[in-house]
Each structure stands twice: as structure tokens, then as C-alpha cells.
Amino acid sequence: MDFNPHILTQRFSHFSQAQYRPGQLEAIRYILTSPKPVTVLIAPTGSGKSIIGMCSMAHHPRASYLCSSRQLQAQITTDFPEAKLMMGRSNFQCDLNLHLTCAECVHTKLSPCVLKHITCEYEQQKQEVLKHPLQILNYSYLLYEGNYVGKFSDYPLIICDEADTLESKLAGFVNLTIPSSLLQRLNITPPARKTATSKDGVSVWQAWAKKIKSVVETELAILKADIMEGASEDTIKLFKRLESFVGRLRIFLAHVDQTWLYQQLESRYSHRPVWTFQPVWLTPALTREYFWRHGQKHVLMSATMPPKPILAQLLGLSSGDIDVIEIDSTFPACNRPVLLKPVADMSRRTFDTDLPHLLAEIAKILTKHRHERGVIHTKSWRIAEAVMGTGNPRLITHQGQDKHEALTRFKQQPSSVWVSPSSERGLDLPDDQCRFIIIAKAPYESLADKLVSSRVYGSSLGKYWYKSACAQDIVQASGRGVRHEQDYCVTYLLDKQIELLLTKHAGLFPRYWKQAVDYA
Ligand code: SF4
């Protein structure tokens, strides 16, 4: 493919006078010339990875830029008005029923909507985006449309932003989750076997899922007849919900094998039990069928990505399918120092004896930054409670439900300190919103989680994945406070387990991040 170094200024009006930042041109050229189907771009915050993604797309007749959130989609659309944005149905108002969104659309093949091809906002936008060469979508939309509707597929190039979340997006699409309310409604009990490896495990699950599918399909046939005779909106919505559930059952029945797990969990919203089935690792068959087939080439962009063998295992690829390029941070390392101060070993064996050392060091750091806002990442609720138990009035924490309100309070109060076991990702705290970060505990995933323990105890690669996931979370957690070139924030690493990981497995951490690490 011919590489055009002027594509940025020629195609994108907001950058008509711009110059490339260090590493951008090299990365675009690398992506365009790589013979591999997947290119990984490790690019820290501020390196301008969206420019790299868009310029790569502009070299193709049609391409898609996948975002992980609506906010990110909005930001990319603002920066690149030449690209066209598509979002899910709930973002559009239905023309037929003005009190509904298009997610509650009552159109089906059985009850067509007269406005669908005339004024329906969602349908109009969708048709325009489908024809457009530069499309901005989100992961859920592509997965749903590409796999169930059959549009938004066949791209020469797909750019995946925040691709460190790709595995969880794909898992969310293929996992089968059944709320207890649905089982009760269908009058079906959970399956008799708890594990796939137990005697007849998989066949018992399959027979159970087939039974559910058959009950739901009978209900769908009845609803279909009602719809033909002009049913209510609620009936049509139920029909759509059950249709999509049958789609999930089909994926399950086609792919379930001995490597799948079954767990009873608690719904994040209703707190009622839900039953989930998921593969320990996404298989090549699953990822190919539901994701990779939608593009000839994919670029996975993130500030943190696992090493090739782990990435391949997570996404059903082979290491030979992947090329990697890493670019440096444009933020000076002196603005984002990461200081190792390993005062306590927060592993279970030494937790009780070392906790006082950890709390004493946290108290010292809080005194040093007495006039500044900061964040303490605790990973565990137990450490969060212990930190809050010190009684410092600057500390603000949250429970599962009130995180948003608590975070607003933190941002409003001067010199406040956010104490959280779950804020390694997604927090954007520029300038005075965060001047220091403490990582109190190595953020290893809990081995009490069945998926985590199956991976870790199931293979040596699983143990490596466990360490790699922790390394990525450390990098993500330390990046919450430096959001632009003039911004500055210091990170303190207090757990001896972090020091151990860093010294024994330095290769798990990106180059730009290690450049800023030193002992305190
Ligand atoms: S197709 Fe008709 S019913 Fe469906 S969202 Fe559009 S206007 Fe509303």
C-alpha cells in the first residue's frame, strides 16, 4: 500500500496545519506495511493514537474506528468531523412513538414500521454511516450489528481503541448469562452439573440449554401470532428480548465444551442471582466467528497490552498473527515519576504484620502532600477499610453503588484523597484533581474468582497472564493523574509484591512507563 505522509493535513480539517508528533508517522507506516492480520500499537496517553488510527484508516476505501465508550466516540467525532459516528439505538428518538427511544423500536418483520425508510432517525443515520469511508463505532454496536444483522462487517481495516478491553467485550458477547427471574418465569431449575468436567457435565448443560431454547421458542411462536394480530408495545419488546436470548443460547450450544465454566453470581443491578457460562479462554473459533471475520486487518491500540503469547491466548490468535510497535510518551518522565517505596508485603501471609507499615507510610505521604488532592488504589476492600479507619478527614471512599456521588464530592473538596479498590481504569483526573497516587497493593486479580483460578492453576501461561494483568493495572492506575503535556503527578508503589514483579518481569511493563520508575 502506498503511504501518503500528508494524509493528516489533506484529509482532516482540524489538523490542516498540524505536524506529526514523535512516533506517529513511523507508527502509521508500520501499520500500513505490516503483513500480519493484527498490529498492536502500544501508545501512552498523549501520544496521539487517534491520529495514527484515523490516518491509517484514511489509506483504505472503508474502515471502522471502534471505541469502548460513548465519551470516547464523542471525543473522536469532535476531533475528526470528516468521519461519521454511529451509536446504539438508545441514542435516537423513535419517530413513531416520541416517548420512546429507538432501542424500544416496535418494528419487526411481522409488524413493519411505515417510517423506517422515511424519517426514522436511527435508520437514516445507519444508512449514511454504512456508506461512509470513515466510521466511528463502539464495540457493542459492531458485535451486535455485525453478527446478528449482518451489516457493519467486511472492513479492510478495523482500528480498536482501548484494545486492552477487547477480550472482556468479546467475552461479554459470547458468555451466556441467565437471570434467576427468567428461569423462574420459564419454570426451569439450574442445571444439575456444576462443572463441565464432572460426569456428563457438558451433555447435561447442552440438554438443559436445549430445553430452555425449546420453551423460549414456543413462547416466541405465541408472541409472533399476537404481533401479527397487532400486539402491544410490551409484547413486541418481550419478543425482541427473547429473540436475542435465543441468539445467546445458539452461541452457547455451538461452542460449549469441557473448558467452559458455570458460576452463580450476583447481578450488579438487581443483586439477585444470575447464572453464567463462559469459556476459560476465548477460543480461535469463537473470536474468528464473532470478531476477526469482520475485518481483513485489525489494529489494537492501548497504553498497556500484554506480551504477544498472552494476547494470542486471550484473543484466540497465534503469536505469528501479531506485530507490535511501541511509541514513547510525549509527556516528560519528570512530570510523571513512579517511586518505589516497598515498605510492606501485602500478600496474605504477611498482610497482618505489614499492614501497620503500609498505613504509616501512607500517613507520611499524605502529610507531604497535605495541600493536594490524591488517589489511593487499595485493590482490596480490606485495605480500603483499614485506610479509612485511620480517620484522616481528607479521605473519601465509596461502596459499590455510590461511587459516582462520592467521586463528585472528592473532586469538589480541596486536598481530598480518593480511596478506592476499583479505580485503576476509567478515571480522568487532570491537573489539581490529582497530584499524587499511592498504589497500596499489587492489583492481582482475586484467586477466589473461578475464572482467575482456572486460568492460573490450569496452565503456566495462565500464571504469566496473572502477572501480566497485574502489571497492566499498575500502569493504568498510575496514569490517572497525568493527562496532558504540562500536567504532573507522582506515583508511589508501596507493596513489596510490586517491586518483585517489576524486577522479575520487567518485560511486562511498557518502555515509556519504566523510564519514569526509580526508588524513592
Ligand atoms: S423503525 Fe419506526 S418504530 Fe422503529 S425506531 Fe424507527 S421510527 Fe421508531
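Predicted model: local features only at pLDDT ≥ 70, side-chain atom pairs only at ≥ 80, totals over all residues.
I started with the shell around the ligand: its residues split into nine nonpolar, one polar and three charged. (Ala, Val, Leu, Ile, Met, Phe, Trp, Tyr, Cys and Pro go down as nonpolar, Asp, Glu, Lys and Arg as charged, the others, Gly among them, as polar.) That shell has 13 residues, and the closest are C94, C102, C105, C113 and C120; a residue is near the ligand if its C-beta atom, placed from the backbone, lies within 6 Å of it.

Residue numbers run from 1 along each chain as its sequence is written.

Next, the domains. The chain divides into domain 1 (7-173 + 283-326), domain 2 (174-279) and domain 3 (333-519), with bounds from an automatic or database domain assignment. I got 31 Å between the C-alpha centres of domain 1 and domain 3. Their contact takes 13 residues from domain 1 and 16 residues from domain 3 (contact: C-beta atoms, placed from the backbone, within 7 Å). On the domain 1 side, helix α12 (residues 308-314) gives the most, three residues. Helices are DSSP runs of H or I, at least four residues, and strands are runs of E, at least two, numbered from the N terminus. The domain 1 side divides into seven nonpolar, four polar and two charged residues.

Last, a sheet. I found an open one of three strands, order β6-β8-β7, antiparallel; two strands pair if DSSP finds at least two bridges between them. Its edge strands are β6 (176-179) and β7 (260-266). β7 pairs with β8 (residues 273-279) over seven bridges, and L265 has V274 in β8 as its bridge partner.

How values were computed:
Contact = placed C-beta atoms within 7 Å.
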